[in-house]
Amino acid sequence: MHPTPRSAPTTAPDTAPDTAADTAFTAALVRDLDDDVSALLTPGAPAPGPLAHRETTSRLKALVTASCHPGSVHRGSAPAREAALRLVGRLSAAQTPGGLFDSTNLASPPDTAFTVNDLCLTATIAARDPALDEVAAGLRAVAARVLPPLLTGGVHTPNHRWELASALARLEALLGPDAAVRARVEEWLAEGVDLQPDGMYSERSPLYAGAVTNPSLLVLADLLDRPSLLDPVRRNLEAFLPLLDQDGLVESVHSRRQDQHTPGHPGRDLLLPYRRLAVEEGRADFADAARLLQSRGVHGRHLLPEVLVRPALASVLPAGPGTAWTGRAELPASGLLVHAAGRTRTVVFGGSDQPRVGTVRSGTANTATFLRLRHGAAVLESVRLSTAFFGLGPFRSATLRRTGDAVRLRQELRAGYYQPLAAADRDPDGAYPLGDEGRFHAAMAFDRRAVDPVELVTDVRVDLLDDGADLTVGFSGAATSYALELAFRPGGVLEGVGPTGDGGPVPTGDRVRYAVGSDELVLTRLDEGGAGGGDQPARYDGGEQYDYLGGSHAARGELVYLTGRTPGVLRLRLRGRGRAG
């Protein structure tokens, strides 16, 4: 048992210096939360699914926050209180006999920890209002049942360690001091925070950095009174500054998680960490990042509960230059480079894990996008390159090397044809072990055969310019076909392309224009090009690792394909500019 006073906090007291409140920010949060809660209280509103413990707790957090916030139209609302009580019952009923919650991962300690962090925050807020005593007591009862399995439970991704550790720290704050809880938290922290030298966490994901790791480390820094845990958060936020674009999206092409396949991840989860350190440390650069993210909309259910327990988060931000980030930033451990000047922004990626691990697998950086370019509203979201070479898939570089304004990427593909086995290695029954050739498996005893190698080497050079980039792709080795795929963000006008027999749009001349309003990207092919000859059609090929399983490697957007033959050189000029008229 962990008897605890009703008012026990689950975050450290707000000790930041007194500053003026940003009433506009708070008012925007309250408006969004009020709209959300009104929808939840509408008759016929859909209930959470039977395993949706995280959504159940998220709704509880919204209802309790609105019931307690002095600016909410639902302050003291009996319907909100009754709805919250029903959700407490639903949450309690969703616990397994062991105390955890089921979802897509069965009886999962880390998935339960996500819910527990919200639960503890909600219980803290409910404890402020005697009218919500029954809600607070119900949440503490759920928390007491969930503590033992979280105390011994394991994880399966890097960020889970910090989510679980922060959940345990919050449970201790809610339920009372517990030496076993503190020891388990210290055991997780003793593994060391997985921050790369370039400021990215090991998963390199803005999604998980923003939604999990940074918030968890901030909770641990507060509840353990360990300000050193602010350092990885600070360094991560600094690393993300040049990756934040004018749309409030954070570059994610380098990620090892699912956001690598998106044209940027919404940066909203970075807003409160940027706000907090901007206020506490007087960081004008963090303040500008926070203002940009706020301008893209705020999520009251997610943000207002945190602000309610830590009011300094809603302080007026320090003054900043108010201009978009410009310059050049290189993240060597992630293989990422960003160059921004004026309205033009270029991103080059050469940190793929696929060449090293030899497969496409969750938890690896395996996107084939190696270049992005935008000029204002005109956005080239992805440049990918594939060759018809034994089904080994598209160009992915494991290295990024910069010399001055030139960035170089490289891929070496190897396959081969196998010779007969030596006499000593033959089996008259033909029963050879099933082996991995590097592309496929077969009962061929590949490792005992001489091989005639076939090689294709691709060298990519990106010359960075303030108004765009020059792209040079050199091929050496095998003679085959290639296709360079350009995917533009939908919504613009594409000029200078036409269909081909294979269905992929190709340039009708040596120039392509993509315009959105007064912004345009102009692409000029400088080599002779052409895809004639050979028996391999020039098309984009995702590789056997996708094709064999019927997977999709299709790009989205307005597509253009530049094709040709290897060996040789492809040269392309990419420029951003204002469109006349």
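I take buried to mean under 20% relative accessible area, exposed over 50%, and partly exposed in between, with a 1.4 Å probe and protein chains only. By that rule I find R276 buried, at 7% relative accessibility.

**Basis.** I am working with a predicted model, in which local features need pLDDT of at least 70, side-chain atom pairs count only at pLDDT 80 or more, and totals for chains, interfaces and linings use all residues. Residues are numbered from 1 along each chain as its sequence is written, and side-chain values use heavy atoms, with hydrogens and water left out.

**Whole chain.** I counted 14 helices and 21 strands in the protein chain; these are DSSP runs numbered from the N terminus, helices being H or I of at least four residues and strands E of at least two. Along the principal axes, the C-alpha atoms fill a box of roughly 80 × 75 × 50 Å. I note that 54% of the 581 residues are buried.

I define contact as heavy atoms within 4.5 Å. Among contacts between residues at least 6 apart in sequence, 72% join residues at least 24 apart.

**Cores.** I treat a nonpolar core as a set of buried Ala, Val, Leu, Ile, Met, Phe, Trp, Tyr and Cys residues joined through side-chain atoms within 4.5 Å. The largest has 97 residues, and those touching the most other members are L60, V64, V135, L150, L171, L220 and Y274. Apart from it lies another core, of 33 residues, including L371 and V560. Returning to V64, I listed its contacts beyond four places in sequence as A84, T122, I125, A126, L132 and V135.

**R276 and L241.** R276 belongs to helix α10, residues 271–281. Not counting residues up to four places away in sequence, R276 touches L218, D222, L230, R310 and L313. I then looked up L241, which sits in the loop between α9 (230–240) and β1 (249–250). L241 counts as buried because its relative accessibility is 15%. Leaving aside neighbours within four places in sequence, L241 contacts Y274, D285, F286, A289 and W325. L241 lies 21 residues from L220 in sequence and 24 Å from it in space, C-alpha to C-alpha.

Y417 is part of strand β9, residues 406–418. Its C-alpha is 6.6 Å from that of P453, with 36 residues of sequence separation. Beyond four places in sequence, I find Y417 in contact with F390, A450, V451, D452 and V454. G342 occupies the loop between β4 (336–341) and β5 (344–349), and G342 is exposed at a relative accessible area of 68%. The C-alpha atoms of G342 and T326 are separated by 7.1 Å, and the two residues are 16 apart along the chain.

**Backbone entries.** I recorded a cis peptide bond between T566 and P567, with omega about -5°. P567 is in the loop between β20 (558–565) and β21 (568–578). A107, not a glycine, has a positive phi of about 40°. A107 lies between α3 (78–94) and α4 (109–126), in a loop, and is partly exposed at 33% relative accessible area. D225 likewise is a residue other than glycine with a positive phi, near 55°. D225 is in the loop between α8 (206–223) and α9, and is exposed at 65%.
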